[in-house]
Amino acid sequence: MKDKKESFLTNPTKKHLIIFGLLWFIGITLLTLSITDLFTESFFQKNYIMIYFLMIGSTMTTGKLYYNYWKN
């Protein structure tokens, strides 16, 4: 019996990588476009600090997903 639970984050498949990679890219692109007002304003503004943390967190989680895929 396995003590460790398997999930898509700990044991991802190639399908998971493609789906979450595309979702991550689309999400980051839309957040960047909304922050910069279609690149008419600067990316670095104090008002959007929470969105920056959201972007960093999603990038780290997606990176961990890819790392677990290559590790397994």
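1. Among contacts in the protein chain between residues at least 6 apart in sequence, what percentage join residues at least 24 apart? The value is 55%, where a contact means heavy atoms within 4.5 Å.

2. This is a predicted model, in which local features need pLDDT of at least 70 and side-chain atom pairs count only at pLDDT 80 or more, while totals for chains, interfaces and linings use all residues. Residues are numbered from 1 along each chain as its sequence is written, and side-chain values use heavy atoms, with hydrogens and water left out.

3. The protein chain holds 2 helices and 0 strands, these being DSSP runs (helices H or I, at least four residues; strands E, at least two) numbered from the N terminus. Its C-alpha atoms fill a box of roughly 55 × 20 × 15 Å along the principal axes.

4. Helix α1 (residues 14-36) has 23 residues and reaches 33 Å from its first C-alpha to its last, close to the 33 Å expected at 1.5 Å a residue, the expected span being 1.5 Å times one less than the number of residues. Just after α1, Asp37 takes a positive phi of about 55 degrees.

5. The buried residues of α1 are Leu17, Gly21, Ile28, Thr32, Ile35 and Thr36, and they pack against α2 (49-71). Buried means under 20% relative accessible area, exposed over 50%, and partly exposed in between (1.4 Å probe, protein chains only). Of the 72 residues of the protein chain, 18% count as buried.

6. Leu30, also found in α1, counts as exposed because its relative accessibility is 53%.
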